[in-house]
Amino acid sequence: MPYVHNIKGTSDRDPKGYSSWLEFWEDKKGKTKSLCSNLHCANKLEVGAHVQKDGATDKHWYITPLCKPCNNKKESFYVSDDDLVRVTEDD
């Protein structure tokens, strides 16, 4: 289970071919989700958030479904590997 942090300054990025990053995540995963991906949160999800894994050589960007409070967290948090979708294949 990866420890991740939010990537700030990405709100102006649009997913090509999708109306939102949450729609991008749902399409890539082939499923929908109702709760925030932060394993210590039970809020309803609201956005597809840009995150990056902590302390790993993997510096790729990922999208994961989060509630707005978790999308604004400054500290890192745990998510399931299954809740991460890489933004691009060559990012």
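## Basis

The model is predicted, so local features require pLDDT of at least 70 and side-chain atom pairs count only at pLDDT 80 or more, while totals for chains, interfaces and linings use all residues. Residues are numbered from 1 along each chain as its sequence is written, and side-chain values use heavy atoms, with hydrogens and water left out.

## Sheet

An open sheet is formed by 5 strands in the order β4-β1-β2-β3-β5, with antiparallel pairing. Strands (E, at least two residues) and helices (H or I, at least four) are DSSP runs numbered from the N terminus, and two strands pair if DSSP finds at least two bridges between them. Because β4 (77-78) and β5 (85-86) stand at the edges with a single partner strand each, one side of each has no neighbour in the sheet.

Strand β1 (residues 3-6) is joined to β2 (residues 47-53) by 3 bridges; His-5 has Gln-52 as its bridge partner in β2.

## Helix α1

The buried residues (under 20% relative accessible area, 1.4 Å probe, protein chains only) of α1 are Trp-21, Leu-22, Phe-24 and Trp-25. They lie on the same side of α1, because they cover an arc of only 155° around the axis, taken from the directions from the helix axis to the C-beta atoms. Their cover includes β2, β3 and β5, where contact means heavy atoms within 4.5 Å.

After α1 comes Gly-30, with a positive phi near 70°.

## Loop residue Ser-37

Ser-37, in the loop between α1 and β2, is buried at a relative accessible area of 1%. Beyond its neighbours within four places in sequence, Ser-37 contacts residues including Thr-64, Leu-66, Tyr-78 and Asp-83.

Terms used: Buried means under 20% relative accessible area, exposed over 50%, partly exposed in between (1.4 Å probe, protein chains only).
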